[in-house]
Amino acid sequence: MQQAYLVLENGQVFCGKRFGATGDTVGELVFTTAMTGYLETLTDPSFYGQMVIQTFPLIGNYGVIPQDFESAKPHLKAYIVRQWCQHPSNFRCQGTLDTFLMENGVVGLCDIDTRALTRLVRESGVMNAKICGSIDNLSAILEELKGYRVRQAVESVTCQKAWEAGEGGKYRVVLWDFGAKANIGRELVARGCHVIHVPAHTTAKEVLALKPDGIMLSNGPGDPADNPEIIREVGSAMDSGVPMFGICLGHQLMALSQGAKTEKLKYGHRGANQPAKDTATGRVYITSQNHGYTVIPETLPEGCHMSFCQANDNTCEGVDYDTRPAFSVQFHPEAAAGPLDSAWLFDRFIAMMEGGNTHAAE
């Protein structure tokens with residue numbers, strides 16, 4: 001395998017070996033701690049513009065399984081692992097990780113000390129990085145890294161036109177797609193919903209013209225504050241009184257539409273074992289998360305309150321809107337490949353569309 005370098009914005013350099021697609025690439029360096037579900041990680045649109053470090057040391061051992069994808073293709077800039085499996089073994093396997101990355105133009109880097117790299121990101125914070133074949137002009141690379149920023153994220157991952165699933169379902173739900181993971185729609189369809197996926201640039205008027213029983217705001221990438229037009233439309237939709245449920249970026253956009261503020265976390269929450277505490281009951285749920293920004297709870301206006309907090313750092317993980325049928329969570333209740341502790345939140349959304357508003361799990 002060909003040698004390549006990972007150059008960090010702080011000037012540190014790691015040497016590794018290439019796999020997947022060839023070429024140089026720049027992105028925001030983040031890490032995820034999930035031990036399984038690498039296919040869901042690779043195809044999660046929320047990783048748009050980022051280089052993902054996989055902390056679990058061996059990746060690719062069950063190959064590539066298209067049925068497990070969260071979107072049609074990867075959106076991340078690079079995939080960094082300690083070791084990748086060249087000979088996967090699984091009865092559902094339809095290919096290798098190396099070939100999958102190559103076919104989708106994703107640069108891979110292996111034989112990296114991912115433990116040391118993750119500790120560095122955790123201690124110094126998320127930073128830009130570049131994978132390249134030469135570091136002869138290191139000063140120019142570092143200057144390039146200073147100017148990188150994830151831009152036009154939502155526009156790059158949303159669906160291009162409306163489409164439907166679960167026709168004939170009891171509940172008519174508009175899924176506002178800001179980079180939606182496929183399992184959100186699947187969870188709604190499984191609960192008897194006719195789901196209409198609409199692009200991010202859809203207006204509130206157009207959403208309401210579809211006569212939904214409920215509106216789902218999806219996850220997505222980038223800085224939530226970079227979407228002022230979407231935020232304005234989300235606010236208008238909330239004013240309609242139609243039941244609304246927001247996940248991840250959708251959660252942030254809902255809060256911003258009501259006047260709250262968001263901020264960037266030092267290194268984010270990315271993994272499948274993140275604890276979210278219900279502020280009303282004290283119960284802690286193990287959740288899947290992938291976000292680098294958080295709602296500042298002190299900026300929440302009257303008429304809403306923080307419903308979940310991150311048990312590790314007390315950041316906001318959910319908001320309930322007391323004067324309207326709306327709620328949101330920062331984590332992923334539809335998590336694939338798990339955990340499923342908070343899947344009951346979809347049932348809460350169903351109950352809301354039926355006219356109830358249950359708070360806790362049954």
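Where is Ser342 found? Ser342 sits in the loop between strand E19 (326-329) and helix H10 (344-354). The model is a predicted one, in which local features need pLDDT of at least 70, side-chain atom pairs count only at pLDDT 80 or more, and totals for chains, interfaces and linings use all residues. Residues are numbered from 1 along each chain as its sequence is written, and side-chain values use heavy atoms, with hydrogens and water left out. Helices (H or I, at least four residues) and strands (E, at least two) are DSSP runs, numbered from the N terminus.

Ser342 counts as buried because its relative accessibility is 2%. Buried means under 20% relative accessible area, exposed over 50%, and partly exposed in between (1.4 Å probe, protein chains only). Beyond its neighbours within four places in sequence, Ser342 is in contact (heavy atoms within 4.5 Å) with Thr287, Phe331, His332 and Pro333.

Glu40 lies in helix H1 (residues 38-42). At 9% relative accessibility, Glu40 is also buried. Its contacts, leaving aside neighbours within four places in sequence, are Asp68, Glu70, Ala336 and Ala337. Glu40 and Ala336 are 296 residues apart in sequence, yet their C-alpha atoms are 6.9 Å apart in space.

Strands of a sheet pair through backbone hydrogen bonds, either parallel or antiparallel. Two strands count as paired if DSSP finds at least two bridges between them. Seven strands close into a barrel with mixed pairing, in the order E1-E2-E8-E6-E4-E3-E9. On average, neighbouring strands of this sheet are turned by 35 degrees against each other, direction ignored. Strand E2 (residues 13-20) pairs with strand E8 (residues 107-110) in the antiparallel sense, over four bridges. Gly20 stands opposite Val107 in E8.

Ten strands form an open sheet, also with mixed pairing, in the order E10-E12-E11-E13-E14-E19-E18-E17-E15-E16. Strand E10 (163-165) and strand E16 (284-295) stand at the edges; each has a single partner strand, so one side of each is left without a neighbour in the sheet. The twist averages 25 degrees from one strand to the next. E13 and strand E14 (residues 244-247) pair in the parallel sense over three bridges. Here Ile215 stands opposite Met244 in E14. H9 packs on the sheet and touches E13, E14, strand E15 (262-278), E16, E18 and E19. The direction of H9 makes about 120 degrees with that of E14. Helix H6 (residues 182-190) lies across E10, E11, E12, E13 and E14, and runs at about 155 degrees to E12. Axes are lines fitted to C-alpha atoms, for helices over the stretch in contact, and angles run from 0 to 180 degrees between N-to-C directions.

The largest nonpolar core has 31 residues, and Trp176 and Phe178 have the most contacts inside it. Such a core is a set of buried Ala, Val, Leu, Ile, Met, Phe, Trp, Tyr and Cys residues joined through side-chain atoms within 4.5 Å. Elements giving two or more residues to this core include strand E11 (171-176), strand E12 (193-198), helix H8 (228-239) and helix H9 (249-257). Another core, of 25 residues, lies apart from it and includes Leu188, Cys193, Val195 and Ala276.

The buried residues of H8 are Ile230, Ile231, Val234, Gly235, Ala237 and Met238. Seen down the axis of H8, they fall within an arc of 160 degrees (taken from the directions from the helix axis to the C-beta atoms), so they line one face of the helix. The face turned away carries the exposed residues Arg232 and Asp239. Just after H8, Gly241 takes a positive phi of about 85 degrees.
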